[in-house]
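Keep the 3D view open and look for each residue as you reach it.

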Amino acid sequence: MSGTALTSTTRRTLLRLLWALLAANAVALAGCLAAFLGVQRTTEAAYDRSVPAILAVYDTQVALREAHGAAVASFAAGTRLLAGPGEDYQNQIARAGQHLAEIAEDNAAGDDGSRDIQVVEASLVTYAGLIERAHAHFAQPDGRALGTAALRDASGLLEEILLRLDRLEEKQDAALDRQVDGAWTGRATSLLWLLPVLALGALLVAAQLFLRRRFRRALNAPLLLATLAVLALGGTTATSLHSTGQLGDARAATDRAAAARGVQLTALADRNATQLAALLRTACAPTPCADTIEQVLDQRDGDRTPAGAANEIDAAGSTAWRHGQDATGLAARAANSRGGEVVLPTAALLAAALVVVGFLPRLEEYRYRQR
């Protein structure tokens, strides 16, 4: 009677351990997949939308500053171009339109961002019309004063467009910040998968000890292999922590790109203001327009020489491009799943199968003993 009770108790213990291991394995898989895929979706959104949108806003602003500077330089040179305010202007305006289309495609700021993009697109049409009007006046022998007035209006509208783009960039930045500091990318999310994995590992160790004590065997090979599969499960999920770190690095790289773009845009604005002021002096002669010229020059930040401004623009542009490439590369690496979505279920299924294989001989042995 006591022998039957012993065998019955052992079999029930084996069954409980088996079901506990299978249940813990399922919970661990669910937690690992949820955390891994949550991080994956977040990093992919940052790589596909937020980071490109932020960089495209800066590129749009630079292209618009360059386009305006090209138009002012063309008009200041006194060249009457039949095709418009110059090829450089046309190329830069086309670039600005392309970058604006990229922002619209990658926009991560939702409806607010879309509305800003629509306002910028409409304003650009008006801006281009003012530049064309200025060109039409400059093309006339006595139209320099009217052309300069139209160009002055275009300059004011350009500043409004750039401010709107600043607000759009802030919204894209906010979207990236939410991704970097979101629920799935926070450190606390690791508890969602780490605790079940640790519990599963502890159960596997407990099962090994129980089988060793009960059956006097040094090691259960299938359970050992199952433990290795669980380590692969946890290790693969842990790569998501590295991905969140890379996403944070990408955010820092966009900040560095923003700082360099700020220097570049300031130097471009100063150069354009200096050119416009010189054009105003010529257009206002013989009647001076000192107040208007002073207003234009007051917009400058510093007193750069033309050569110094050109060097600063080139250096800042190169630095911004390099940091932008870094941000894109880091975001791409963060979004690379490295096949984890396949490895996780495979490792969990393998662990479950090995647990069953490890327990079946002992269960079969006790089933025959009870007959």
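1. Glutamate 159 is partly exposed, with a relative accessibility of 29%. Please keep in mind throughout that this is a predicted model. The side chain of glutamate 159 meets that of arginine 65 in a salt bridge, with 2.7 Å from N to O. Arginine 65 is buried, because its relative accessible area is 11%, and the cut-off for buried is under 20%.

2. What does this pair tie together? As background, side chains of opposite charge can pair when their charged atoms come close.

3. Now move along to another pair. Arginine 251 and aspartate 177 meet through their side chains in a salt bridge, 2.6 Å from N to O. Here too distant parts of the chain are linked: arginine 251 belongs to helix H6 (residues 221-284) and aspartate 177 to helix H4, 74 residues apart. Arginine 251 counts as buried at 11% relative accessibility, while aspartate 177 counts as partly exposed at 32%.

4. Stay with arginine 251 for a moment. Arginine 251 also forms a salt bridge with aspartate 255, and the closest N and O atoms are 2.5 Å apart. These two residues are four apart in helix H6, which means that about one helical turn separates them. Aspartate 255 is partly exposed, its relative accessible area being 41%. Which residues end up in one network? Salt bridges with shared partners join Asp173, Asp177, Arg251 and Asp255. Across the model, the count of salt bridges comes to nine.

5. With those details in hand, look at the whole fold. The protein chain has nine helices and zero strands, so you can trace the pattern α-α-α-α-α-α-α-α-α along the sequence. The chain has 371 residues, and 45% of them count as buried. Among its contacts with a separation of 6 or more, 85% are between residues 24 or more positions apart. The accessible surface comes to about 18,100 Å², and carbon and sulfur atoms account for 58% of that.

6. Here is a backbone detail worth a look. Arginine 338 has a phi near 55°, which is a positive value in a residue other than glycine. For comparison, most residues other than glycine have a negative phi. Where is arginine 338 found? Look in the loop between helix H8 (306-335) and helix H9 (340-370). Arginine 338 is partly exposed, with 45% relative accessible area.

7. Helix H8 also holds alanine 315. At 43% relative accessibility, alanine 315 counts as partly exposed.

8. Next, compare the model with the database record. An unreviewed UniProt entry gives the annotation "coiled-coil region" for residues 151-178. In the model that span is 100% helix and 0% strand, and its end C-alpha atoms lie 41 Å apart. UniProt, again in an unreviewed entry, places the feature "transmembrane region" at residues 191-211, 223-241 and 342-361. Residues 223-241 are 100% helix and 0% strand, with 28 Å between the end C-alpha atoms. Residues 342-361 are likewise 100% helix and 0% strand, and there the end C-alpha atoms are 30 Å apart.

9. Finally, a word on confidence. The mean pLDDT of the protein chain is 85, and 86% of its residues reach 70 or more. Which element has the lowest mean pLDDT, and which the highest? Helix H7 (residues 290-298) has the lowest, at 47, and helix H2 (residues 87-106) has the highest, at 93. Over residues 290-294 the pLDDT is below 50, and this stretch has five contacts in the model beyond near neighbours in sequence. Residues 1-7 also stay under 50, with three contacts beyond four places in sequence. Where pLDDT is low, the predicted coordinates should not be read in detail.

Note on methods:
Residues are numbered from 1 along each chain as its sequence is written. This is a predicted model: local features need pLDDT of at least 70, side-chain atom pairs count only at pLDDT 80 or more; totals for chains, interfaces and linings use all residues. Side-chain values use heavy atoms; hydrogens and water are left out. A salt bridge is a side-chain nitrogen of Lys or Arg within 4 Å of a carboxyl oxygen of Asp or Glu. Buried means under 20% relative accessible area, exposed over 50%, partly exposed in between (1.4 Å probe, protein chains only). Contact means heavy atoms within 4.5 Å. Accessible areas come from the Shrake-Rupley method with a 1.4 Å probe; for residues, only the protein chains shown count as cover. UniProt positions are given in the numbering used here, feature names are shortened, and annotations may be inferred rather than shown by experiment. pLDDT is the predictor's confidence in each residue, from 0 to 100.
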